[in-house]
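Let us walk through a protein fold one piece at a time. Keep the model open beside the text.

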Amino acid sequence: DWSSDVCSSDLCVCESARSKGKDPTYHDCRQNHKGSSKSMEPDVGVRLFNDAPSYGVKYSVFIGDDDSSTIAKIHEDVSYNVEKWSDSGHATRTLVSHLHKIKSEKNNWPGESVLSQKVIDYFQKCFSYCLTQNKGDPEEMRKSLIAIVPHAFGEHKTCEENRLSWCKWLQNPDTFSHKDLPNGKDLKGEHLKKNLISL
């Protein structure tokens, strides 16, 4: 199957013989990768993209996790342009990982909200909803994603401009409270907001 590839650096029979100074006996050797295990995925990626044109195909998109080493190697060693996409599961895990990183750094500025686990869960939920509800509509997804942080801080201008259906403040500003944020209150703090918007 030209659309898949398997790499193995398993040396058990070969390495065992070589360590004894002997030639390995005949065996079904599956070793087809030299180098570290970490370099396997980038090498396979490059091989798949470079081999595809010989079958009359050019891949335009690489979908994978958010480890940049594979796409960097593809951009470096593949002669045509390839776009990188993240699948939703990896994208969500990456977001949560970065939120925990912000949490582990100093984020307890006086008078500002704390990035607690409840707040992290809130952002994960909002992010997942945006991806699911706007599947197939990248422009609506973009609008929803950029509204998440201001919405959490009680700023609903972006929600209004884009008429976002998930913003319950638009339906009733006087009685609105956040269902999933601590005490239903808006988050506060310019330092925290700046970190979250950057993320």
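The paragraphs below go from strands to helix pairs.

This is a predicted model, in which local features need pLDDT of at least 70, side-chain atom pairs count only at pLDDT 80 or more, and totals for chains, interfaces and linings use all residues. Residues are numbered from 1 along each chain as its sequence is written, and side-chain values use heavy atoms, without hydrogens and water.

Start with the strands. Strand β1 (residues 61–64) runs parallel to strand β2 (residues 83–86), and four bridges join them. Strands pair if DSSP finds at least two bridges between them. Helices (H or I, at least four residues) and strands (E, at least two) are DSSP runs, numbered from the N terminus. I63 has W85 in β2 as its bridge partner. Together with helix α3 (residues 68–77), β1 and β2 make a right-handed β-α-β unit. Right-handed means that, with the strands pointing away from the viewer, the path from the first strand over the helix to the second runs clockwise.

Now look at α3 again. Its axis and that of helix α2 (residues 40–51) come within 8 Å and cross at roughly 40 degrees. Therefore α2 is oblique to α3. (Angles under 35 degrees count as roughly parallel, over 145 as roughly antiparallel, 65 to 115 as roughly perpendicular and the rest as oblique. Axes are lines fitted to C-alpha atoms, for helices over the stretch in contact, and angles run from 0 to 180 degrees between N-to-C directions.)

Finally, helix α5 (residues 117–133) packs with helix α6 (residues 138–152) at about 160 degrees, their axes 9 Å apart. So α5 is roughly antiparallel to α6.
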